[in-house]
Amino acid sequence: MPRWYFLIVSRKFVWSAACLLFCIGLLVLWQSLPLGFYTLGLLNNEVVYDIMLDAGHGGIDPGAIGEGELYEKHYVLDIVLRMHEILTGHGYKVGLTRDHDRDVSHLVEKGTRHRRDLLGRFKLMNQARVGLSVHANSTKDSREAGALVFYLKDKYIAKIYAQMVFDELEKVQVMNVNYVVPRDTLLLLKANPPVLLVEIGFMSNPADLAKITDEQFRANVAQSLAAGILNFVWWRGGEQTES
Ligand SMILES: [Zn+2]
């Protein structure tokens, strides 16, 4: 076998190794960006709202379904519309991801409807200084009850915000656990501003369902969530003025 043959083999080997390393590098980079390249582009939105409110689900997505064909999407929208009225009454510019029975998938072009819906809400959240998403829970164990407040794990300011909302919410609804809950898997919480996801109770629990379908309860929840947001906005405003 001629000697130059080994040269070709080794050159091919070097190229293969270089390509492999490049691919591994790309993979590592991709993993280090938890939002992905496309989603990252949605972070660059101009801030045009003081507060962004998100009513979960909508349109073909009913969310949790309570006994008697009761849909989460209707009740959370009702609460969000009440919050909108309270907060605009305080002079804030308040945005809504939806103001009627539809999803938010129309704002994004790529992906499945579910993915586009999620990214549409994420995109709008990035246009505000603070955000809150309202949901109602469901689980197989009908004894599970009470509200939950989720914030982005390791985001210090979001935890403060979560505690302020928790303190108001517990005045009108029992809490599922006695603390604010860190999450690192919910995309909406990874938006630029501090964003919370609040589960107001369990549609799968008869007592919670009776509350959620009660107009006065929803008015109280809206009032408490709005109060929590206002406390945070005022606190943060004070912090910024002092610094
Ligand atoms: Zn939901």
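Before the first entry, a definition I need: a polar contact is a pair of N or O atoms within 3.5 Å, and within protein one must be able to donate a hydrogen and the other to accept it. I also note that this is a predicted model.

**Entry: Thr 97**

With that rule in hand, I looked at Thr 97. I found a polar contact between the side chains of Thr 97 and Asp 54, at 2.5 Å. Thr 97 belongs to the loop that runs between β4 (94-96) and α4 (113-125). Is Thr 97 buried or exposed? I read a relative accessible area of 7%, so Thr 97 is buried, the limit being under 20%. I then listed what Thr 97 touches, leaving aside neighbours within four places in sequence: Met 52, Leu 53, Asp 54, Ala 55, Val 104, Arg 121 and Leu 124.

**Entry: Val 80**

Asp 54 came up again when I turned to Val 80. The C-alpha atoms of Val 80 and Asp 54 are 7.0 Å from each other, and the two residues are 26 residues apart along the chain. I placed Val 80 in helix α3. Its relative accessible area is 0%, so I wrote Val 80 down as buried. Beyond the neighbours within four places in sequence, Val 80 is in contact with Leu 53, Asp 54, Ala 55, Leu 96 and Val 134.

**Entry: aromatic rings**

How many aromatic pairs are there? I counted two. One that I looked at is Tyr 161 with Phe 232, which is stacked, at 4.5 Å centre to centre and 25 degrees between the planes. Tyr 161 is in helix α5 (residues 156-169) and Phe 232 in helix α7 (residues 215-242), so this pair ties together parts 71 residues apart in sequence. I have both Tyr 161 and Phe 232 down as buried. Together with Trp 235, Tyr 161 and Phe 232 make up one aromatic cluster.

On another ring, I saw that Lys 93 lies over the face of Tyr 49, 5.5 Å from the ring centre.

**Entry: Ser 204**

I found Ser 204 in the loop between β8 (195-202) and α6 (206-212). What does the side chain of Ser 204 reach? I noted the backbone nitrogen of Thr 139, at 2.9 Å. Ser 204 counts as buried, with 18% relative accessibility. Neighbours within four places in sequence aside, its contacts are Asn 137, Ser 138, Thr 139 and Ser 142.

**Entry: the whole chain**

Last, I stepped back. The protein has seven helices and eight strands. Of its 243 residues, 44% count as buried. Among contacts with a separation of 6 or more, 77% come from residues 24 or more positions apart.

How values were computed: Residues are numbered from 1 along each chain as its sequence is written. This is a predicted model: local features need pLDDT of at least 70, side-chain atom pairs count only at pLDDT 80 or more; totals for chains, interfaces and linings use all residues. Side-chain values use heavy atoms; hydrogens and water are left out. Rings of Phe, Tyr and Trp (its six-membered ring) pair if their centres lie within 6.5 Å; planes under 30 degrees apart count as stacked, over 60 as edge-to-face and the rest as tilted. Helices (H or I, at least four residues) and strands (E, at least two) are DSSP runs, numbered from the N terminus. Buried means under 20% relative accessible area, exposed over 50%, partly exposed in between (1.4 Å probe, protein chains only). A charge sits over a ring if NZ of Lys or CZ of Arg is within 6 Å of the ring centre and within 35 degrees of the ring normal. Contact means heavy atoms within 4.5 Å.
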